[in-house]
Amino acid sequence: MAFAPDLTAHVRRLLLKHLPDGVAVSDITEKKMFGGLAFMVRGKLCIGISGRDGTEVMLRIGKTHHDAALEHEGVSTTVMKGREYRGYVDLDETALPLLEDLVALALRHNQELSAAPPRRRKEKP
C-alpha cells in the first residue's frame, strides 16, 4: 500500500475526535480501495488515504461545500479515470493543516447522507 502510516493514524485520531453524536466507533470501518485505505462511516465513504497522483487524502465533503474548499491552496477536485467528482476533494501535503476541519466537515456530510432516504436507481428499459 502506498499510504503513510503516520497520516493514517492521524486520520483515525481525527475521526474519533470529531465523531458525531449517535455514531459509534463500531460504525467506522477501514477498507482497502483506490490503491490505499478508505474510511467508511456507516457504510459510506468518508475519507481515503493514498499516494495516487501525489495526493495524500481524499474527503467526501458534499457538493455544498465543494467550491469553498477549493479556495484553499493544496485542495483540488477529486478526479478518477478522467472524471471530476464534485463533492469530493483531494488534499496534497500543503493542505494538511486544513485536515482537521475537513475531517469534521466530511463527518457532518456523512451524517446528512445517513439521514437521507436511500436513492433509488433508475431501472433500465
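Two strands are taken to pair if DSSP finds at least two bridges between them, and both strands (E, at least two residues) and helices (H or I, at least four residues) are DSSP runs numbered from the N terminus. By that scheme Val 75 stands opposite Leu 91 in E6. This is a predicted model, in which local features need pLDDT of at least 70 and side-chain atom pairs count only at pLDDT 80 or more, while totals for chains, interfaces and linings use all residues. Residues are numbered from 1 along each chain as its sequence is written, and side-chain values use heavy atoms, with hydrogens and water left out.

**Sheet**
- The order E1-E2-E3-E4-E6-E5 describes an open sheet of 6 strands with antiparallel pairing, and its edge strands, E1 (28-33) and E5, each pair on one side only.
- From one strand to the next the twist averages 40 degrees, where axes are lines fitted to C-alpha atoms, for helices over the stretch in contact, and angles run from 0 to 180 degrees between N-to-C directions.

**Strand pairs**
- Strand E1 runs antiparallel to E2 (residues 36-41) and is joined to it by 6 bridges, with Leu 37 in E2 as the bridge partner of Lys 32.
- Strands E5 (residues 75-80) and E6 (residues 83-91) are antiparallel and joined by 6 bridges; they form a hairpin with 2 residues between them, and Lys 81 in the turn has a positive phi of about 50 degrees.

**Helices on the sheet**
- Helix H1 (residues 5-17) packs on the sheet, touching E1, E2, E3 (44-49) and E4 (57-60), contact being heavy atoms within 4.5 Å; the direction of H1 makes about 5 degrees with that of E2.
- Helix H3 (residues 99-115) lies across E2, E3, E4 and E6, and runs at about 160 degrees to E3.
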